[in-house]
Amino acid sequence: MTDEVEEVKNDPIGVAINSFTHAIRDAEEVVKFYVPIAIKLHNKRIDKLERQINEARKLSEKEDLQSQVLGNKRYLDVHRDLDRIENSNVPETIEKALFLNLFSSFDAYIGNLISCLFNCNPNLYKGLGKEISVSDILSFENFDELKEKVLLDEIETIRRKSYIEQFSELEKLFGIPLTKFKNWPLFVELSQRRNLLMHCNGIVSEQYIKICKKEGYKFTEELELGTELPLGTEYMECAFDLMVEVAVKLGQTLWRKAQPNDLEKSDNHLSELIYDYLHEEEYEKAICLGEFSMSLPKISSDLMSKINIINLVIAYKMKGDNEKSSKILDSLDWSASINDFKLANAVLTNNFDEAKSLMLKIKGDGEMISESSYHNFPLFFEFRESEQFLSGYEEVFGYSFSSEMIRKSEELDQDDTTDNENESQSKFDNEGVLLEGESNTVNVEQEEQESA
């Protein structure tokens with residue numbers, strides 16, 4: 001990793017944004033991997049109870065009194081368990097908890113972001129306009145303590161307000177519009193649904209409908225008061241994407257406003273974030289942030305502008321929207337660009353013969369492209385499978401792409417084996433006793449078997 005990228009990753013504002021996006025990733029993994037397990041276990045418990053009910057019924061229908069008594073007893077026991085499980089919905093409970101936690105994470109993010117912005121630009125304190133009594137001022141040992149207290153009070157004041165009011169306060173504080181983006185009404189609906197779940201168990205209220213309509217949200221159908229709004233996997237996925245969009249756009253916009261000299265840092269951070277989403281095949285997020293990057297009024301360099309364009313085109317192409325990717329590429333003249341961008345254009349337009357020719361010109365180490373790029377960059381996801389790429393790679397580096405992949409795989413396996421051995425050894429003391437605090441993990445398959 002270059003020093004430049006490391007500096008961006010360690011920037012306080014960048015860290016605040018990354019912390020929130022990682023919290024979203026955690027929630028997405030729970031929905032993707034653990035909610036299906038909860039559904040499976042829930043259904044298995046129902047199947048098990050139904051079998052027990054049938055067995056109890058068969059016993060109660062026998063002629064001997066002992067079997068009848070035993071059957072009735074089992075039926076009553078199972079019926080209580082069945083009544084409990086029929087009135088439970090663990091997957092839905094997990095979804096609701098995750099949804100509410102999204103906003104808890106967002107609240108923490110807002111506080112972290114404001115704190116970082118003020119610490120980076122102390123001139124922002126002048127815009128607070130907070131009055132403090134002399135006695136309160138004298139209670140602090142130094143001016144830094146006073147500033148910290150004033151800032152914490154301001155953050156708490158903002159966070160106690162609705163999200164619409166919070167954005168309005170931030171607009172006044174930084175003198176910049178923050179709600180003029182297409183999905184603002186969707187964010188308002190999301191935050192209002194959070195209020196319904198928190199205070200009304202998801203039941204539609206007049207306030208929910210009124211606020212959503214006022215902020216421009218278009219309901220697909222007329223809602224009746226008292227209707228319970230579900231969440232569901234599709235809504236949760238949209239919520240994750242939307243919260244990332246709002247958090248990143250907010251953080252990037254305020255970063256650029258408060259720290260105009262950090263334009264290169266903010267550009268690099270946004271580019272890295274888009275690149276990560278491309279690697280994770282999160283194309284909707286990559287497209288959303290890629291379009292945002294192209295709409296920004298200022299970019300630190302022409303190089304960064306082209307990087308943003310290429311990443312956006314990759315996202316469209318990997319999602320299957322070739323029309324949009326071609327339209328963007330055709331709108332620019334790549335002939336005067338460095339060979340790295342010419343190669344990117346050739347690859348993205350499926351001109352693999354030209355791409356091979358450019359590979360040979362770059363000779364493995366361009367201004368941006370190196371050997372590892374051919375292995376890792378999402379740009380080459382289709383080109384890597386072509387004959388032109390395989391022959392071009394061998395001509396440039398002197399060995400085949402497949403042999404290098406095998407070598408790297410063996411190297412990674414060796415590293416993983418060493419890491420596992422070290423990790424295993426670290427869990428035991430010199431006498432081979434498990435260290436305090438370590439515990440065995442739960443075996444999900446075993447849990448499923450026990451519930452069967």
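Tutor: Rings of Phe, Tyr and Trp (its six-membered ring) pair if their centres lie within 6.5 Å; planes under 30 degrees apart count as stacked, over 60 as edge-to-face and the rest as tilted. This is a predicted model, in which local features need pLDDT of at least 70, side-chain atom pairs count only at pLDDT 80 or more, and totals for chains, interfaces and linings use all residues. Residues are numbered from 1 along each chain as its sequence is written, and side-chain values use heavy atoms, with hydrogens and water left out.

Student: How many aromatic pairs does the structure hold?

Tutor: The pairs are counted by the distance between ring centres, within 6.5 Å. On that basis the number of aromatic pairs in the structure is 31.

Student: Which geometry describes the rings of Tyr 275 and Phe 377?

Tutor: The pair links distant parts of the chain, 102 residues apart: Tyr 275 belongs to helix α11 (residues 263-279), and Phe 377 to the loop between α17 (371-376) and α18 (387-397). Helices here are DSSP runs (H or I, at least four residues), numbered from the N terminus. Since the ring centres are 5.7 Å apart and the planes stand at 75 degrees, the pair is edge-to-face.

Student: And which geometry describes Trp 334 and Phe 341?

Tutor: The centres of these two rings are separated by 6.2 Å. Their planes stand at 40 degrees, so the pair is tilted.

Student: Is Phe 377 buried, partly exposed or exposed?

Tutor: Buried means under 20% relative accessible area, exposed over 50%, and partly exposed in between (1.4 Å probe, protein chains only). Trp 334 and Phe 341 are both buried. Phe 377 has 25% relative accessibility and therefore counts as partly exposed.

Student: Which residue lies over the face of Tyr 235?

Tutor: Tyr 235 is part of one aromatic cluster, whose members include Phe 20, Phe 99, Tyr 163 and Trp 184. A charge sits over a ring if NZ of Lys or CZ of Arg is within 6 Å of the ring centre and within 35 degrees of the ring normal. At 4.0 Å from the ring centre of Tyr 235, the residue over its face is Arg 193.

Student: At which residue does α2 bend?

Tutor: Helix α2 (residues 12-60) has 49 residues and reaches 69 Å, close to the 72 Å expected. The bend at a residue is the angle between axes fitted to the seven residues ending there and the seven starting there. In α2 this angle is about 35 degrees, with Pro 36 following within four residues, and the bend lies at Tyr 34.

Student: Which residue caps the N-terminal end of α2?

Tutor: A polar contact is a pair of N or O atoms within 3.5 Å; within protein, one must be able to donate a hydrogen and the other to accept it, and residues adjacent in sequence count only if both atoms are side-chain atoms. Here a side-chain oxygen lies 3.0 Å from the backbone nitrogen of Ile 13, and the capping residue is Asp 11.

Student: Which backbone oxygen does the side chain of Lys 317 reach?

Tutor: Lys 317 is located in helix α13 (residues 302-319). At 10% relative accessibility, it counts as buried. Its side chain makes a contact at 3.4 Å, and the backbone oxygen belongs to Leu 348.

Student: How many disulfides does a search of the whole structure find?

Tutor: A disulfide is a pair of cysteine sulfur atoms within 2.5 Å. The sulfur of Cys 120 has its closest cysteine sulfur in Cys 116, at 6.3 Å, too far for a bond. For the whole structure, the number of disulfides found is zero.

Student: What is the phi of Glu 281?

Tutor: Most residues other than glycine have a negative phi. Glu 281 lies in the loop between α11 and α12 (283-295), and with 55% relative accessibility it counts as exposed. Although Glu 281 is not a glycine, its phi is positive, at about 60 degrees.

Methods: Helices (H or I, at least four residues) and strands (E, at least two) are DSSP runs, numbered from the N terminus. The expected span of a helix is 1.5 Å times one less than its number of residues.
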